[in-house]
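Here are a few notes to read alongside the structure.

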Amino acid sequence: MPFAHPYAPTRCAGAHAPARCVDRLLRHGAGTGGAACARVDRLFRDGADAGGAACARCIVEGMFGRKQPGRFLGGRGGQGLEVEESYSPLERARHFGTSKLSLQRLVFVNELVDCAHDIGYEATVEYLLPLVKKLAEDPEVLVRQSLVGHFGDLAGFLIQSDPERGYQKVVDDVLPVVSLLLQEKASEVRQGAADALATLASHLRPGERSDQVLMLALNMCHNNEDEDFRSTGVQLLNGLAEALGPQLCRQYLALDLAAMCHDPAFRVRKALAASFSEVARMVGDEFTMARILPAFESLVHDGHWGVRKAAAESLVGLAMAMNADNRRDPFAPLMLDLLKDSSRWVRMSAFQQLGYFIACLESAASIPEGLLEQYVDIIDQTRGNPDAADISYHCAFTFAAVCQTAGQANWPRLKTPFSSLCGDSQPKARKAMAASMHIVAKTVGPARSGVDVLPCFEALLGDEAPEVRHAALRNAASMLLTMPIALAQDRVLRLLQGAMGRDEAWRLRLLVASQLGAACEAVGKVAAPRASTSE
């Protein structure tokens, strides 16, 4: 992300039917605890899709956290699989880690690191590590997938507990397990193992990083029999860049990644398009422009639309890895090509990324004329078009940064798009505008903010969607600082007062009340220079 937006969007994982079933079973049971566990066990094995499994894992983590001992798993009749309060952490680990029910093994996995801290280094090495090795071959994908997510914290515990012996245990016991899981056919487990290896690399010494970790990643990239392994391999190389350092990145990672732009499998090239940024950050601008940029340019013009779409989604990240002065000339022509690509899906991805790219240029002098015009045209063309809802949202999310980069001189060109986005049909787009309104007001200056910005801010403060009003209210004090004109300040303060009188939830009134201190301070800062001038 090229700038820090005041409102960061959150994404809900969604309500999956398998997750809802798990939730009901955990809350209400199914006759007996054993029956509930068995039904959940079957659900994990047969009924959960990837999203449902992820939701189910979150439910398990919430229901079986270490802070709630003595809980009951299912069963209305008081029978079933009760977690005895008399169990010690080690007894609990051995009970759940070797259970025949996958749900209980999943409970153990999610409590693994907490248990290690409870029982100490010696017991962890003697009892938990053998369980970890066994669970790495568990028949349930969800158990193996959850397991790999805890390797980084487990390695950190071992090394902190005993820097020498613990480090050797990580190298001798944990690293081979991760290596085994990297060979998984299940993509979610393999990707999790790749993420775990990137985390483990930060704990390892240079010798193991180059001799073991790097070799594992390179072997995956050179697996001629399985394109999925190569796809995971290129992503892993990018994730390892910081741990391996500039020298190894120049000698191996950058050159291998650049060579793979000619891979015959489009899925590998698609993964490759998103796997340059961290390596580029490590090797520096000169090396990036000489070796990485030509490879990325070939992906921008790849024959498969999916590869070009991935390149469009990754262009800003790669540009941000370079110094601001070196972004315009290499990347602006590529962005312009993507904006007029023959594929509708590629163009839509480029439209979504355009605002972020303009913002990363950081100065009006660096914005090619065509890019700003395209940005304005996109906002106009997507207005009221439900098929382009995501594009208009991204335009709203980036508008303040684009305005800041374009500067006050370009405000006449951005004024109409600004009003259009403030009145967008999507609440999330209006919320983004409300959250960043003060940046726009500060950029255009006090003379224009009272005329062009304040009316839109007033409308958003009275918006029909509560989330939009809340975002605007959080910015009230910041808006006051940008408007030294007494009349404009009075209007904002009256709006705050009016919001207090709404018959709404107490949270809205609390939000208004929380702004009063900052609002008074803002009024004081503006009033002081005005008073000294009058004297």
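1. Leaving aside its neighbours within four places in sequence, which residues is N475 in contact with? They are A434, A435, S436, M437, H438, F457 and Q515, where contact means heavy atoms within 4.5 Å.

2. As for where N475 sits, look in the loop between α26 (466–474) and α27 (476–482). N475 counts as buried because its relative accessibility is 6%; buried means under 20% relative accessible area, exposed over 50%, and partly exposed in between (1.4 Å probe, protein chains only).

3. A word on the source: this is a predicted model, where local features need pLDDT of at least 70, side-chain atom pairs count only at pLDDT 80 or more, and totals for chains, interfaces and linings use all residues. Residues are numbered from 1 along each chain as its sequence is written, and side-chain values use heavy atoms, with hydrogens and water left out.

4. On confidence, pLDDT (the predictor's confidence in each residue, from 0 to 100) has a mean of 82 over the protein chain, and 76% of residues reach 70 or more. Helix α17 (residues 305–320) is highest at 97, while helix α1 (residues 17–28) is lowest, at a mean of 42. Residues 6–41 have pLDDT below 50, yet beyond near neighbours in sequence this stretch has 77 contacts in the model. Residues 530–535 are also below 50, with three such contacts.

5. Overall, the protein chain has 29 helices and two strands. These are DSSP runs numbered from the N terminus (helices: H or I, at least four residues; strands: E, at least two). Of its 535 residues, 54% count as buried.
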